[in-house]
Amino acid sequence: MRHNTSLRNVAIIAHVDHGKTTLVDAMFRQSGVFRAGQRVDDRVMDNMDLERERGITIAAKNCAVTWQGVKINIIDTPGHADFGGEVERALFMASGAILLVDASEGPLPQTRFVLGKTLAAGLPVLVVINKIDRKDARPVEVLDEIYDLFIDLGANEGQLEFPVLYAIGRDGVAMTSPDDARADLAPLFRTILEYIPGPAHEPGEPFQMLVADLDYSDYLGRLAIGRIVHGSVAARESLVCMREGGGVAPLRVTKLQVYDGLRLKEVPSAEPGDIVVLAGIEDVAIGDTVCTRENPKALPRIRVDEPTVAMRFGINTSPLAGREGKIVQSRVIEDRLNRESLRNVAVSVERTEDRDAFLVKGRGEFQMAILIETMRREGFEMSVGRPQVILKKDAAGGILEPVEHLYVDCDEMFTGIVTEKLAQRKGRMLNCVNSGTGRVRLEFSVSSRGIIGYRDEFLTDTKGTGILNSYLEGYDSWRGDFSTRFSGSIVADRAGTAVAYALFNLEPRGTLFVAPGDPVYEGMIVGEHNRDNDIDVNPTKEKKLTNLRAAGKDENVILTPVKKMTMEYALHFVREDELVEVTPQSIRLRKAELSAHRRYSGSRLKMR
């Protein structure tokens, strides 16, 4: 094997909010990607609207910088475990990784997840301890925790001898020691060139490229993105695509592009190890191999962890269907979901007995919420059900369910309520660390069922100061049934417009989701009941008018402000017999069976 020393392919992995995208911004500025005086937004790699709004990386992205004549392809990966498929896919293009860890928080659950995938791929890892300027920074203890994490994940001797740098990504400085002068990122670039090897290739092998990502251009059509494993490729060259199952499809490269900073640059040819973008391949999927016609040879396909959560996606069947969204047909919804499964290897789509509904499987409810939010912004209108975990059976026929390792960081005063709530959800405490600073770190083993819907409750219980993270530990035996919601629903019994007078009289019953003037219909959930049963109400009832006047009858009605409905809260709130109605303008909750008479008849039959 020979290494291409003029290239480096590096993936940046980190936990959520540890400064990964900010560090990439600084690398751009100091490598000459931006001209002097050019005005650039912060977090330029987070180019999706949802990424900028939420401050997280959702999709893995590629870019490139040049340092001392060596091209460094940078792969920015998500830090959330729900987008683990993006991490696994991106690692196939890398020959090394930079692990970024917060100098105060240390390695957290998502750090364990992405690092485990990196070590399993056999990649060398460069450790950067970021944010050492924080008042609560503890770089020495964090480095010990990183060593413990490497050993716990089974790192080999070569991977354990990782170089360590200390950085302040916001200021664009990196040092080999916390006490060194804080000048620039030159130590980081030098360490990448010295420690991360160039991509390996076999000199005599023909061209091979594994498709690791897909994109689409209005001018060029579908784009296939991947790293050249062996050989080289030229524009206008005739190649073949090796599909899953052994199928072979001829293709012609109409345009060959490589990454240059944040943009794509057209080139006549590309060398081994480079990450390229091929245009002219219409029918291609992630995991396919693009190779020469004379020597077609498939590479091992990309395999990712199985999905653990499934959700029902269907057309909107409410009386308000079609009023706010442009795309409502089941055929178009299915086509959009299939396109998502092509671009995201962690998502799969299955048909159901109902031809207007589809079962979408993924890594977690947060990934599903992002998919739904993206679709509604594209103009889709649909209904979705509550996330359900995917169960398995062992050899003896016993039921197995996904179990997660849960990390909690909260104030000491909230330890009791957190432990009590997780115990109700069949959680088992594994560890409790109280360092005497007023905050406590707790570890639990909890089924994925128990975490669905708990995050919002956790933030309420800890007054917004708690930190909750988890990663999938595997499958374990069924832990029994438990209640995840102890309140019922306030359901409208007729169609119309919500009236302030009616809502004022309903406020003592619970928390309302609708405001005066909002449209309602029979079966729509207008609030959360204080008790555990559902009640049917009339939110359109108006005050009866008479020709008599009395003291106190003309007082203004003052309502409690309505809580803004978010996608995550809606998915956590609904029960198995309820749906979320999603449109580009609104998020509503409703019963799966809208008719109050049919719901009552069905409940009577179940009681017999």
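## Terms and basis

A residue is called buried when its relative accessible area is under 20%, exposed when the value is over 50%, and partly exposed in between, with a 1.4 Å probe and protein chains only. The structure is a predicted model, in which local features need pLDDT of at least 70 and side-chain atom pairs count only at pLDDT 80 or more, whereas totals for chains, interfaces and linings use all residues. Residues are numbered from 1 along each chain as its sequence is written, and side-chain values use heavy atoms, with hydrogens and water left out.

## The chain as a whole

The chain has 15 helices and 37 strands, where helices (H or I, at least four residues) and strands (E, at least two) are DSSP runs numbered from the N terminus. Its C-alpha atoms fill a box of roughly 95 × 65 × 60 Å along the principal axes. The radius of gyration is 27 Å, which agrees with the value near 25 Å that a compact globule of 608 residues would have; this radius is taken over C-alpha atoms, and the globule rule is 2.2 Å times the number of residues to the power 0.38.

Of the 608 residues, 53% are buried. The accessible surface comes to about 28,300 Å², and 48% of that belongs to carbon and sulfur atoms, with areas from the Shrake-Rupley method and a 1.4 Å probe, only the protein chains shown counting as cover for residues. Among contacts (heavy atoms within 4.5 Å) between residues at least 6 apart in sequence, 71% join residues at least 24 apart.

## Nonpolar cores

A nonpolar core is a set of buried Ala, Val, Leu, Ile, Met, Phe, Trp, Tyr and Cys residues joined through side-chain atoms within 4.5 Å. The largest such core holds 67 residues, and within this core Ile129, Phe150 and Val290 touch the most other members. Not counting residues up to four places away in sequence, the residues that Ile129 touches include Val101, Pro139, Ile146 and Tyr166. A second, separate core has 29 residues, among them Met368, Met382, Val582 and Ile587.

## His230 in strand E11

His230 belongs to strand E11, which covers residues 221-230, and this histidine is buried because its relative accessible area is 11%. A polar atom of the His230 side chain lies 3.0 Å from the backbone nitrogen of Glu202. Leaving aside residues up to four places away in sequence, His230 touches Met1, His201, Glu202, Glu205, Pro206, Phe207 and Gln208.

Strands E15 (residues 255-260) and E16 (residues 263-266) pair in the antiparallel sense over four bridges, pairing being assigned if DSSP finds at least two bridges between two strands. Asp260 has Arg263, in E16, as its bridge partner. The two strands form a hairpin with two residues between them, and Gly261 in the turn has a positive phi of about 70°.

Positive phi values also occur in residues other than glycine, including Gln68, where phi is near 50°, and Lys426, where phi is near 65°. Gln68 sits in the loop between strands E3 (61-67) and E4 (70-76) and counts as exposed because its relative accessibility is 63%. Lys426 lies in the loop between helix H10 (415-424) and strand E27 (428-434), and its relative accessible area of 33% makes this lysine partly exposed. Asn295, in the loop between strands E19 (289-292) and E20 (309-314), is partly exposed at 42%. Asn295 is 155 residues from Val140 in sequence, and their C-alpha atoms are 53 Å apart in space.

Note on methods
A polar contact is a pair of N or O atoms within 3.5 Å; within protein, one must be able to donate a hydrogen and the other to accept it, and residues adjacent in sequence count only if both atoms are side-chain atoms.
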